[in-house]
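Please open the model in your viewer and keep the selection tool at hand.

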Amino acid sequence: MAKLKTVFLCSECGFDSPKWVGRCPGCNAWNTMEEEKISTAGKVSASCKAAKPQLLKEFTGPGEHRKTTGIGELDRVLGGGVVDGSLVLVGGDPGIGKSTLLLSAASQFSRRNGDVLYVSGEESAVQTGLRARRTGALEDQLWIMAETNLEWILVEALKMKPAMLVIDSIQAVYCPAIPGAAGSISQVRESTGRLLRLAKDHGIPVMIVGHVTKDGSIAGPRLLEHMVDTVLYFEGERNYAFRVLRPIKNRFGSIAESGIFSMENDGLVEVLNPSQFLLAERSQNVSGAAITACLEGIRPLLIEIQALVSTTCFGLPRRATAGFDANRLGLLLAVLEKRQGMMLGNQDVYVNAVGGFKLVEPAADLAVMLAVSSSFKNRPVPGDLVVMGEVGLTGEIRSVPHVLQRVREVSNLGFSKVLVPWGNLAELKKASLNVELIGVKTLSQALEVGLH
Ligand SMILES: Nc1ncnc2c1ncn2[C@@H]1O[C@H](COP(=O)(O)OP(=O)(O)O)[C@@H](O)[C@H]1O
Ligand SMILES: [Mg+2]
């Protein structure tokens, strides 16, 4: 019988060391070595059929074969559908909707392409059945297997040769031949390796759910992300319905795409017009709100930014944000004080990006400043105006990237005016857009135009 030996594996790169070290020699990360027991029976040898050098130009054929999942937003993120034999990892916070997304993808996929095997290692078949009934994911060719032993999962998968295999989740399955609990580094690594072989040898696309750790990366070795073809993150604020599916890595498509969903009682719904969705409940002609156009991947989205400025009752003034970086807000408030003479030192400032959306782009600066100024001065921003622009420390308005896409979205949604950085004006004037363009160079110009 194979003996077990203790090794230390790096959770970042999978490097193994016979003794514990504080810093991984493989990737130089600190405190990432974890103790694991592995079998001394020897590793699986590589394929004995060696490859020969061949001319690359002979391999420029028709390209990979894709099948549609039936969920447009998911297909878009995958680069136009699931590629045969690809391994896709979907990560995200607990409860965000990974199982719901993959169950409906499995069901839609089975309707078009035949048998799909959904392996649930975390929930029972009954629980999954109830979810399927609630979300309308009951199809004749959708099979469920509540199992965590990967050997049996692979046996059934090879028997069935499904059009797609879903593993929910990789941290729940284990290989009995490998010591260690399910979810340990060696288990996750081995299970992914076996699923990869199944996908490549039989051309079966495999979708894997992966848990994320507290700091937001997928649990288990970083290696997992290297092994799979595509890594998607499913993100959103739990208390909001809005969800974004973002590719982090894709061997078969662009990572600039994004899929937008809304979590409803009867499952995930694709949001075909996200700007309209995000602006649905906005109130007009009140102070403290401005609309900006930001990019989610390459998709323009119109988002309402709200600010509330009120006199501090005691102690230090509070600055609180939701969906916007608090340090960036501090910087923008300092610019307002210094360049516009707005005395905010005795004011609490709250900023919120509506809909649970996270703004990471500096292009949203101007809208934040306009919303804050609007609330401070109690003067509303015109309801038909959208603003965009990065604000520099001297109060200058800097150009934003992909301005044309943003302004097209503004015009598509029926807004009549858009405040843009002066530097972007020339590019916009070349295009025929059904919206009035107002170019600004400085913050004071922007505030003059932007406040009623
Ligand atoms: N019975 C239900 N009715 C309405 N929504 C539900 C119900 N059960 C679960 N949900 C929604 O589905 C979410 C859980 O999704 P799930 O796919 O299980 O997440 P994950 O697999 O990412 O942990 C919950 O946060 C909740 O919003
Ligand atoms: Mg789940």
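**A tour of the salt bridges**

Lys67 has a relative accessible area of 22%, and is therefore counted as partly exposed. Bear in mind, as you select this residue, that the model is a predicted one. Because Lys67 belongs to strand β4 (residues 66–67) while Asp84 sits in the loop between β5 (82–83) and β6 (87–92), the pair ties together parts that lie 17 residues apart in sequence. Asp84 is partly exposed as well, with a relative accessible area of 27%.

Next, select Arg111 and Glu139, whose side chains form a salt bridge of 2.9 Å, again taken from N to O. Here, too, distant parts of the chain are linked, since Arg111 is in helix α2 (residues 98–113) and Glu139 is in the loop between α3 (125–135) and β8 (142–145), 28 residues apart. Glu139 is partly exposed, at 23% relative accessibility.

Move on to Arg398 and Glu396, where the side chains meet in a salt bridge with an N to O distance of 2.8 Å. Arg398 is partly exposed, and its relative accessible area is 43%.

For the last stop, select Glu73, Arg76, Glu257 and Arg299 together, and you will see residues that are linked in a network of salt bridges.

Note on methods. Residues are numbered from 1 along each chain as its sequence is written. Chains are lettered from A and ligands numbered from 1 in the order in which they are written. This is a predicted model: local features need pLDDT of at least 70, side-chain atom pairs count only at pLDDT 80 or more; totals for chains, interfaces and linings use all residues. Side-chain values use heavy atoms; hydrogens and water are left out. Helices (H or I, at least four residues) and strands (E, at least two) are DSSP runs, numbered from the N terminus. Buried means under 20% relative accessible area, exposed over 50%, partly exposed in between (1.4 Å probe, protein chains only). A salt bridge is a side-chain nitrogen of Lys or Arg within 4 Å of a carboxyl oxygen of Asp or Glu.
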